Amino acid sequence: SLGTFATIRPGQVNLMTAGRGIVHSERGLPAERDQAKPMYGMQTWLALPDGQEDIAPAFEAHADLPLVEDNCASARLIMGGLWGRTAPTTQHAATIYAEIVLAPGGAIPIDAEAEERAVMLVGGEASIDGTALELYALAVLEPGKAMRLSSERGGRVMLLSGEAFRTPRHVWWNFVHSSRDRINQAKDDWASGRFPKVP
């Protein structure tokens, strides 16, 4: 643990970089633990690129995420650059991560430059090139093809894109790495109590 404490509020992002290993705990505020509190948020895992998987762990919190708006759409930029604006979050690989809100009848182009692209409908309705998106289902887009995201009645869509890694990643529980041996070492470290405790 880095000993960091941060409260996340609507429209903000907390970015934890696990690197060579980190422990964390997500908790409600003590004064609110007995209250009903519906949550609407997104937790996203990003793999670190080759050569950076074992960097030092880090944490950052940002409340100043850029909002780009026009008449038919707005984008809250969580990571990377989009429409001339750049988010303050650290990038270890080329990434675009944004919350897109489409007004009824709104549409935006989805550029073809990123090696990997996906969208997820998280509210309302939307379609990609005329194909309806399913609520909370990740739609991986065809590489190299310019596409159009649109909504007849209004919708909220997460846009994710970035560079493709050449080495596959392995996942076991909360451990992700390109080396199975490194994951096995992390498993042993966890089981043996070599990770520090969360304060």
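I shall speak about the chain as a whole and then about its helix.

This is a predicted model, in which local features need pLDDT of at least 70, side-chain atom pairs count only at pLDDT 80 or more, and totals for chains, interfaces and linings use all residues. Residues are numbered from 1 along each chain as its sequence is written, and side-chain values use heavy atoms, with hydrogens and water left out.

The chain holds one helix and 16 strands, assigned as DSSP runs (helices H or I, at least four residues; strands E, at least two) and numbered from the N terminus. Of its 199 residues, 34% count as buried, meaning under 20% relative accessible area with a 1.4 Å probe and protein chains only, whereas exposed means over 50%.

Helix α1 spans residues 180-191. Its twelve residues reach 16 Å from first C-alpha to last, close to the 16 Å expected at 1.5 Å a residue, where the expected span is 1.5 Å times one less than the number of residues.

Which residues of α1 are buried? They are I183, A186 and D189. These cover an arc of only 120° around the axis, which puts them on the same side of α1; the arc is taken from the directions from the helix axis to the C-beta atoms. The buried residues pack against β15 (170-172) and β16 (175-177). On the other side of α1, R180, D181 and A191 are exposed.

Finally, just after α1, G193 takes a positive phi of about 75°.

Note on methods
Contact = heavy atoms within 4.5 Å.
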